[in-house]
Every structure is written in structure tokens, then in C-alpha cells.
Amino acid sequence: MNSPTPPPMPDMDPLALHEDVVPQIEALRLRRGVPLIVTDCDEVLMQFLVGLETYLETQGLWLDLRSYALTGNIKHHGTDEVFAASSMPGLMKGFFETSTHALIAVPGAADALKALSARAQIVVLTNVPFSERETRAKNLAAQGMDYPVVANKGLKGGAVKKLADMVDAPVFFLDDIPHNIASVARAHDASHRLHFIADKRLAKLMGQSPDSHFHTTEWSEAHDFIAARLDDSGF
């Protein structure tokens, strides 16, 4: 989640890769010449916001959805005092540690990816803490999405470019964060980029990323867009 009108992308190298991400990608067994779908997880495959709101209730907190942001919008029940920005890292660490295994899939995600997997390879590229990678993979698999999971840190352009070089075929990228989409556009302009925000409350707060080719909250629409591009490419 970010601000409602995203500022310019952070001044970071769009090809930057965290040292712990590289071996995860290199361990993947991707088929050269076969299209690749690289998908984010939170608010694309999993209902992040619903899970976060449930967790916040256990902490005496609530989320005031005034903008597409967490910091500044989480408040204490009773007083409505804003939760301290300095405490956000600890709060989010607790959320991922206690809730990653319990997040519920976005409706239609599993069926859409299953259908597309007959024509493309699928990798989940998620900015989940490295310590929660296995838990995230197990949760996805339990809900019909048993695909390789790469835990990323930072922007996603570098990871997508490395994956694209491994397959040398059409690449599709789905994410809810405009900065990630922008970094992929810079790193691998040939990619087909989908701005996907599952929670309709959040989608209303965020216009379409200018670096994306398609914007949706529905997996049926994402499926049809990807399938049509695959048809156009002869796959």
C-alpha cells in the first residue's frame, strides 16, 4: 500500500537485486521459450487488507482508509490516536509472523492461474519477509496455488529482468504497487504489466499506474487480458 497519488518512483536502480534474492531466482527451473507470469501476492493472490484488519483488532488498532497508505492511517481504538510511525516495523513484523499462514486467497486467483499455467510458467514474487517465504508458499499451495515463491526486498524490476533473461519469452507482471510496476517498466520494457488491486476499497483510492497496460480488481479480467496477449504472441 502507498499514497493515493503516488509520488515519483524512489531514486533507486531499477535493476538492483538484494543479495538474498539472487540465489532464489537461480534455483528456479524455468523453461526457456515458455511465457512467464510473475505475480505479486498481497492484494493480488492473497487478501492482505482483510487479514491486516483482523490482526489490528487483536492489537486494539484499526485502519482508517483515507488514503492508500498504512503509516499515518492506523489508529488506536477509543482515542483514534495515530499509531506511531516509529513502531510500524514492529507491528508489520508481528503481522507477518502471526498471519502469513492464515491469509485467504483472492477469489478467482487459483482458477485463473491454473488455466493460464497450461500456457505459461508462474512465479510468485513477493515482498514478504525472507523468514516467511516457506510459510507463504505453503499457504498458497493449500489454496490451489502451488507455484515457486521468491521473497524479494525493494523494487521488483531487477528480479523481473533476471527472470525474463532466463526464459527469453513474453513476460507478464502483476502488482498493486505503482513503484514496482514502474521499476519493471524501466528494467524490462517489453513486459506486459497489470495493475491489480483486489480490495475494491483500495482500488478506489488508487488510479491506474501510468506504467501499466491494464488495471483490474478481478482475476477473470486479468485472465482474459493475459490470454489475449498470449494469443497475439502465438502461444
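## A histidine in strand 7

H195 lies in strand 7 (residues 192–196); helices (H or I, at least four residues) and strands (E, at least two) are DSSP runs, numbered from the N terminus. This is a predicted model, in which local features need pLDDT of at least 70 and side-chain atom pairs count only at pLDDT 80 or more, while totals for chains, interfaces and linings use all residues. Residues are numbered from 1 along each chain as its sequence is written, and side-chain values use heavy atoms, with hydrogens and water left out.

Is H195 buried or exposed? H195 counts as buried because its relative accessibility is 0%. Here, buried means under 20% relative accessible area, exposed means over 50%, and partly exposed is in between (1.4 Å probe, protein chains only). Leaving aside neighbours within four places in sequence, H195 is in contact with residues including D175, P178, I181, M206, F214 and H215; contact means heavy atoms within 4.5 Å. D176 is also in contact with H195, and its backbone oxygen lies 3.0 Å from a polar atom of the H195 side chain.

## The sheet around it

An open sheet of six strands has the order 5-4-1-6-7-8, with parallel pairing. Two strands pair if DSSP finds at least two bridges between them. The edges are strand 5 (149–151) and strand 8 (214–216), each of which pairs on one side only. On average, neighbouring strands of this sheet are turned by 20° against each other, direction ignored. Strands of a sheet pair through backbone hydrogen bonds, either parallel or antiparallel.

Strand 7 and strand 8 run parallel and are joined by three bridges.

## Helices across the strands

Helix 7 lies across strand 6 and strand 7, and runs at about 180° to strand 7. For such angles, axes are lines fitted to C-alpha atoms, for helices over the stretch in contact, and angles run from 0 to 180 degrees between N-to-C directions. Helix 9 (residues 219–233) lies across strand 1 (36–39), strand 6, strand 7 and strand 8, at about 175° to strand 7.

Why is helix 7 (residues 178–187) largely enclosed by the rest of the structure? Nine of its ten residues are buried, so helix 7 is largely enclosed. Among those buried residues are P178, I181 and V184. The cover over the buried residues of helix 7 includes helix 6 (157–167), strand 6 (171–175) and strand 7.

Strand 4 (residues 121–126) is mostly covered, with six of its six residues buried. Both of its faces are covered: Q121, V123 and L125 are buried on one side, and I122, V124 and T126 on the other.

Strand 1 and strand 4 run parallel and are joined by four bridges; I37 stands opposite I122 in strand 4. Strand 4 also pairs with strand 5 in the parallel sense, over three bridges, and the bridge partner of L125 in strand 5 is V150. Strand 4, helix 5 (residues 133–142) and strand 5 make a right-handed β-α-β unit. A crossover is right-handed if, with the strands pointing away from the viewer, the path from the first strand over the helix to the second runs clockwise.

## Nonpolar cores

A nonpolar core is a set of buried Ala, Val, Leu, Ile, Met, Phe, Trp, Tyr and Cys residues joined through side-chain atoms within 4.5 Å. The largest one has 53 residues, and those with the most contacts inside it are L45, I74, M145, L174, W219 and I226. Apart from it lies another core, of 19 residues, among them V21, L36, V167 and F173.

Leaving aside neighbours within four places in sequence, W219 is in contact with residues including V44, L45, V106, L174 and F196.

## Two loops and a glutamate

E43 is in the loop between strand 1 and helix 2 (48–58), and its phi is near 70°, a positive value in a residue other than glycine. E43 is buried, with a relative accessible area of 2%. D80, in the loop between strand 3 (74–76) and helix 3, has a positive phi near 60°, and is partly exposed at 43% relative accessible area.

E97 lies in helix 3 (residues 88–99) and counts as partly exposed because its relative accessibility is 45%. A polar contact of 2.5 Å joins the side chains of E97 and K93. A polar contact is a pair of N or O atoms within 3.5 Å; within protein, one must be able to donate a hydrogen and the other to accept it, and residues adjacent in sequence count only if both atoms are side-chain atoms.
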